[in-house]
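Please find below a short note on the chain fold and its contacts.

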Amino acid sequence: MAASETHYQAEPADARIVEPLDMMTLIYQRRSGITHMVGEPVPQMLEEMGRDAVDASTLAERLAASFDLGGQDDAVALIAERLEELAGLGLVERISDA
Amino acid sequence: MPEFRVQVGPAAFRIGSAWSAPLEQMAELYRDYPKPDFTDFTVRLEPTTWLRRWLRPSIAIGGDYMLPDAAPLPLAQGLLAAEMAMNLQMALGWRRHLLLHASAVERDGRVLVMTGQSGSGKSTLSALLGSQGWRFMGDEFVLLDPVTGQVAPFPRLISLKNSAISAMQAAQRDARFGPLLAGTPKGDIRHMVPPPDAIAQMAQGGAPALLLFPRYGYPGAVREVAPSETFMRLTQASTNYVALGEAGFTTLTRFVKSVPSRAIDYQSGEEAIALVEKLWERLA
């Protein structure tokens with residue numbers, strides 16, 4: 001599955017300000033000046049990624065330790081989908097296909 | 001071009017007009033306000049064409065910031081044109097505060113902020129509270145200081161619309177009112193001079209303590225508003241959130257995280273004031 005092999009890298013943590021508010025988390029991206037409102041598991045994904053280049057299955061594995069994402073296959077698909085959305089927003093970058 | 005200068009809260013305006021009548025009305029209504037010797041914004045009231053200065057005079061608004069498609073107003077509504085132009089300068093040009101389209105009143109150094117759509121009653125409520133033990137801080141813009149998080153007053157003339165005009169004339173018998181401007185794009189409008197304490201203390205801010213989203217015309221109800229919903233609604237109510245960048249974000253998140261927020265429905269001014277007092281006692 002090509003999508004799950006694509007690697008992604010988040011911007012450095014100081015490129016954004018993260019403010020959790022009840023059900024949502026606000027992410028202010030300094031580079032664009034855009035405020036994003038995101039829900040789980042997006043803030044957890046960014047935190048878990050740090051500056052590592054990761055693919056969806058690696059990230060799903062890491063998140064599984066602290067976060068209930070349902071079954072493993074579902075989790076990888078969900079994370080892959082979220083990573084693509086984050087790449088579209090510019091909060092993570094597609095690095096390469098492994 | 002004859003001109004008039006006035007300071008409202010932190011903002012200094014210079015209003016020039018091709019006609020003297022709107023300036024004379026402003027000079028009278030703003031007579032107790034400071035006259036600044038500097039200018040933040042310049043506003044001009046000009047004829048739409050040279051002929052329109054005399055023949056069915058028609059006012060175009062000019063100034064530092066403009067809306068290209070703003071419809072001209074008849075000369076009889078010159079005061080409204082000037083007020084709209086001053087609001088427009090603030091909305092588009094002010095950078096020293098985060099601007100929220102909201103009204104505010106203060107008591108004991110703490111501020112009640114009210115925001116909502118046009119017709120929600122936020123302006124009328126702030127005027128009513130301003131005559132009942134609260135200090136009126138503004139009915140159009142709430143100015144949040146990015147450094148301190150405090151609300152700075154912007155007590156311009158109170159713009160009363162339609163049924164609020166007679167309600168306030170009954171409630172505030174000794175207040176001063178501008179001319180009745182009938183048939184404006186927003187119906188009948190009459191400006192009211194804020195109470196003397198609002199003008200005398202217009203350099204004095206306060207800490208925001210309660211945010212309300214009033215809605216007029218529905219049976220009395222109170223609903224808690226989550227911070228995320230509040231944040232979203234306030235970004236929509238702000239005219240310069242995007243322009244302020246990171247300062248806008250940090251100012252608004254601080255406000256949302258520290259100020260309790262409720263939506264209130266009401267059917268009369270009395271009902272609203274009773275609700276406000278109850279919520280203030282409990283939450284602020």
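1. Strand 12 and strand 13 (residues 187-192) of chain B pair in the antiparallel sense over two bridges; strands pair if DSSP finds at least two bridges between them. B:Leu181 has B:Ile189 of strand 13 of chain B as its bridge partner. Helices (H or I, at least four residues) and strands (E, at least two) are DSSP runs, numbered from the N terminus.

2. This is a predicted model, in which local features need pLDDT of at least 70 and side-chain atom pairs count only at pLDDT 80 or more, while totals for chains, interfaces and linings use all residues. Residues are numbered from 1 along each chain as its sequence is written, and chains are lettered from A and ligands numbered from 1 in the order in which they are written.

3. The pair in point 1 belongs to an open sheet of three strands in chain B, ordered 11-13-12 with antiparallel pairing. Strand 11 (158-161) and strand 12 (181-184) of chain B are at the edges with a single partner strand each, so one side of each has no neighbour in the sheet. From one strand to the next the twist averages 35°.

4. Chain B also has an open sheet of five strands, in the order 1-2-3-4-5, and here the pairing is mixed. The edges are strand 1 (3-8) and strand 5 (73-74) of chain B; each has a single partner strand, so one side of each is left without a neighbour in the sheet. Strand 4 (residues 58-63) of chain B pairs with strand 5 of chain B in the antiparallel sense over two bridges, and B:Ile59 stands opposite B:Leu73 in strand 5 of chain B.

5. Helix 1 (residues 21-29) of chain B packs on this sheet and touches strand 1, strand 2 (11-17) and strand 3 (41-47) of chain B. Its direction makes about 150° with that of strand 2 of chain B. Axes are lines fitted to C-alpha atoms, for helices over the stretch in contact, and angles run from 0 to 180 degrees between N-to-C directions.

6. Helix 3 (residues 122-130) and helix 9 (residues 269-283) of chain B pack at about 70°, with axes 11 Å apart. This makes helix 3 of chain B roughly perpendicular (65 to 115 degrees) to helix 9 of chain B.

7. Between the chains, 11 residues of chain B are in contact (C-beta atoms, placed from the backbone, within 7 Å) with 12 residues of chain A. Helix 6 (227-237) and helix 8 (246-258) of chain B each supply at least two residues of the side of chain B that touches chain A.

Methods. Contact = placed C-beta atoms within 7 Å. Parallel < 35°, antiparallel > 145°, perpendicular 65-115°, else oblique.
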